[in-house]
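Below are some short notes on the fold, written as numbered points. Please read them alongside the model.

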Amino acid sequence: MKTKIFNRVIILLISLITISLTACDKTVTYADLLDQERKSISKFLKYGGIYTEELPADTSKIKVSGTRNAISTKVPFYELENDVYMQVIDKGNGRIINEGERVYFRFLRVNLNTWATAPYDIKMFDLNNGGVGNFYYPDINEYCFDYVKDYNVPMSQYYDFGLGIEYPLAHLYDRAKVYLILPSKVGFSESVSSVVPYLYYIEYTIAKN
């Protein structure tokens with residue numbers, strides 16, 4: 001009897017150790033999260049005819065889609081710094097945004113990790129299955145930043161909205177409208193630790209004096 005009990009205890013211990021080791025093997029590491037982020041962004045940039053190009057040095061040669069209603073497959077997502085990608089809808093009114101000027105923004109966004117699990121044609125302004133954000137808020141005074149040109153990735157986490165959201169302004173103007181892919185390292189502060197990439201629709205406006 002004692003031998004049977006002993007054997008059962010040994011089998012139970014072996015089972016518990018096996019379960020424990022299996023659980024450890026399934027632990028998601030930060031490197032795993034970064035890999036998932038890269039795959040999600042890559043999948044989006046290859047979806048349905050979407051493509052990328054290097055940003056032209058001459059601003060006048062930047063292509064624009066002219067419509068915010070859907071992601072265009074006729075103009076590229078331009079490669080910016082630190083794995084940020086930008087598709088331009090409207091370059092703005094020609095008024096350059098200077099260092100230190102306060103910029104307000106409206107946005108909608110889609111979690112690209114979630115999207116990558118079951119890709120679909122994103123309609124950012126679809127109220128039932130579109131992006132979420134402050135776009136429909138009557139007051140966006142809290143959604144602003146003082147424009148900086150120092151795109152130091154480690155500093156991004158100290159900005160509520162990250163530094164990536166500011167990248168387009170080095171190439172565009174006041175009232176610009178863009179689709180923007182932001183990896184977590186330069187995204188909103190809550191995206192940094194969770195390692196979530198987002199596709200944004202953004203409209204920029206310089207503060208009135």
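Which residue in β6 does Gln87 stand opposite?

1. Gln87 faces Tyr179 of β6. Strands β3 (residues 85–90) and β6 (residues 177–182) are antiparallel partners joined over five bridges; pairing here requires that DSSP finds at least two bridges between two strands.

2. On provenance: this is a predicted model, in which local features need pLDDT of at least 70 and side-chain atom pairs count only at pLDDT 80 or more, while totals for chains, interfaces and linings use all residues. Residues are numbered from 1 along each chain as its sequence is written, and side-chain values use heavy atoms, with hydrogens and water left out.

3. The chain has five helices and seven strands, in the order α-α-β-β-β-β-α-β-α-β-α-β from the N terminus. Elements are DSSP runs numbered from the N terminus: helices are H or I with at least four residues, strands E with at least two.

4. The seven strands form an open sheet with mixed pairing, ordered β1-β2-β3-β6-β7-β4-β5. At its edges are β1 (52–54) and β5 (144–146), each of which pairs on one side only. The average twist from one strand to the next is 35°.

5. Helix α2 (residues 30–45) lies across β1, β2 (77–79), β3, β6 and β7 (198–206), and runs at about 140° to β6. Angles are taken between N-to-C directions, from 0 to 180 degrees, using lines fitted to C-alpha atoms, for helices over the stretch in contact (heavy atoms within 4.5 Å).

6. Of the 209 residues, 39% are buried, meaning under 20% relative accessible area with a 1.4 Å probe, protein chains only.

Key:
Buried means under 20% relative accessible area, exposed over 50%, partly exposed in between (1.4 Å probe, protein chains only).
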